[in-house]
Amino acid sequence: MAALPAAAHAQFPFPSAPPTITVIGDSVIASGLPFGRTTVTATRADAVTGAPVAVGTFAASAMTFQPFTINTSAPTLLKPTGDCWQKSAWSSALTPDLQTGDKLAFVGTAIFGQPPRTTITVGAPVGSPGPVPVCSALAPWARNAILNPPATAGASVVLNGVAQKFATQVALTATDGAHTTPAVQATPAANGTWSATVQLGTLDNGPVTITPVVTVPDAVTGATAHIAGPKASLTKS
């Protein structure tokens, strides 16, 4: 089980020892959290405004001598949703597709003064993404991605992809590092799939990077937001 880099660990006001927080795929395992109700919010910078956008939420009681987990275990009689990611402002839960640079904020229960809080930054991917099998029905994967992009393209390229539940629009831009194409809009189908043609004629030949920006509701507030999915690369010739 690979832990986050030391710089990603932050101390709560108590206990004195810092918690250990590990991200594996879209699962989280934390130990050493203060006892009490703890809320975890996963955020990503809005691709338009830069403001943090909640892409996943979870709340449960942290126990002193037990790990605090998300997206690892099956539902039980006492925990009917297991430790799957939860819905908050959404009408149903989704498992966030955590990306490098996303933030995970842990907020505990206040005993005196401010509640214990720490925020870590998600590092390079470790393990398999998506919900674990026992959470796949309760919290489907909120995947936003360009699927199987071609290695090369000419003056234009047809791209296919998938957007998470509740997404209403996908905007695609391509850049050669010096020039960027106007955004091409695609509307996801009911199953989340989409297709779009991006014109590359204004770009120089060579490496091209394509970024999908997906319009989604914030998981906590429900407000409209814009989050970037993983970039795709190809060579224009």
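Predicted model: local features only at pLDDT ≥ 70, side-chain atom pairs only at ≥ 80, totals over all residues.
1. The largest cavity has a volume of about 70 Å³. Its lining is made up of Arg-44, Val-55, Trp-90, Pro-96, Asp-97, Gln-99, Ala-142, Asn-144, Gln-164, Ile-227, Gly-229 and Pro-230. Sorted by class, the lining of the largest cavity comes out as six nonpolar, four polar and two charged residues. If you want to find the charged ones on screen, go to Arg-44 and Asp-97.

2. Now the open space. The second largest pocket has a volume of about 230 Å³. There are 15 residues lining the second largest pocket, and Phe-58, Ala-60, Ser-61, Phe-68 and Lys-79 are the closest to its centre. Which strands supply at least two residues each to the lining of this pocket? Strand 4 (52-62) and strand 5 (68-70) do, and strand 4 gives the most, with five residues. By class, the lining of the second largest pocket divides into seven nonpolar, five polar and three charged residues.

3. On to the nonpolar packing. The largest nonpolar core has 43 residues, and Phe-68, Leu-104, Leu-172 and Ile-210 are the ones touching the most other members. Strand 4 gives the most to this core, with five residues. A second, separate core has five residues, including Ala-54, Trp-90, Leu-94 and Ala-219.

4. Leu-172 deserves a click of its own. What does Leu-172 touch, once residues up to four places away in sequence are left out? Its contacts are Ile-146, Leu-159, Pro-182, Ala-183, Val-184, Trp-194, Ala-196, Val-198, Ile-210, Thr-211 and Pro-212. One of these, Ile-210, is listed with Leu-172 among the core residues that touch the most other members.

5. For the cysteines, the count comes to one disulfide. Cys-84 and Cys-135 form the disulfide, with their sulfur atoms 2.2 Å apart. The torsion about the S-S bond of this pair is about -90°, so the disulfide is left-handed. The pair links distant parts of the chain, 51 residues apart: Cys-84 sits in the loop between strand 5 and strand 6, and Cys-135 in the loop between strand 8 (117-121) and strand 9 (141-142). Are these two cysteines buried or exposed? Cys-84 counts as buried because its relative accessibility is 1%, and Cys-135 is buried too, with a relative accessible area of 0%.

6. Two backbone angles are worth a look. Most residues other than glycine have a negative phi. Ser-88, however, has a positive phi, near 50°, and Phe-166 has a positive phi near 80°. Where are they? Ser-88 is in the loop between strand 5 and strand 6 (95-96), and Phe-166 is in the loop between strand 12 (156-162) and strand 13 (169-175). Ser-88 is partly exposed, with a relative accessible area of 42%. Phe-166 also counts as partly exposed, at 24% relative accessibility.

7. A phenylalanine to check is Phe-112. Where is Phe-112 placed? You will find Phe-112 in the loop between strand 7 (103-107) and strand 8. Phe-112 counts as exposed because its relative accessible area is 75%, and the cut-off for exposed is over 50%. Phe-112 and Met-63 are 49 residues apart in sequence, with 19 Å between them in space, C-alpha to C-alpha.

8. Last, Thr-224. This residue is in strand 17 (residues 224-228). Thr-224 is exposed, with a relative accessible area of 59%. Leaving out residues up to four places away in sequence, Thr-224 touches Thr-215 and Val-216. Thr-224 and Thr-168 are 56 residues apart along the chain, and their C-alpha atoms are separated by 9.7 Å.

How values were computed
Residues numbered from 1 in each chain as written. Heavy atoms only, no water. 1 Å grid on protein atoms, 1.4 Å probe; cavity = no way out; pocket = protein on both sides within 12 Å on 5 of 7 lines; lining within 4 Å. Points joined across faces, edges and corners; volume = space filled by probe spheres on them. Helix = DSSP H or I, 4+ residues; strand = E, 2+ residues; numbered from the N terminus. Core = buried A, V, L, I, M, F, W, Y, C linked by side-chain atoms within 4.5 Å. Buried < 20%, exposed > 50% of the residue type's maximum accessible area, 1.4 Å probe, protein only. Contact = heavy atoms within 4.5 Å. Disulfide = S-S within 2.5 Å.
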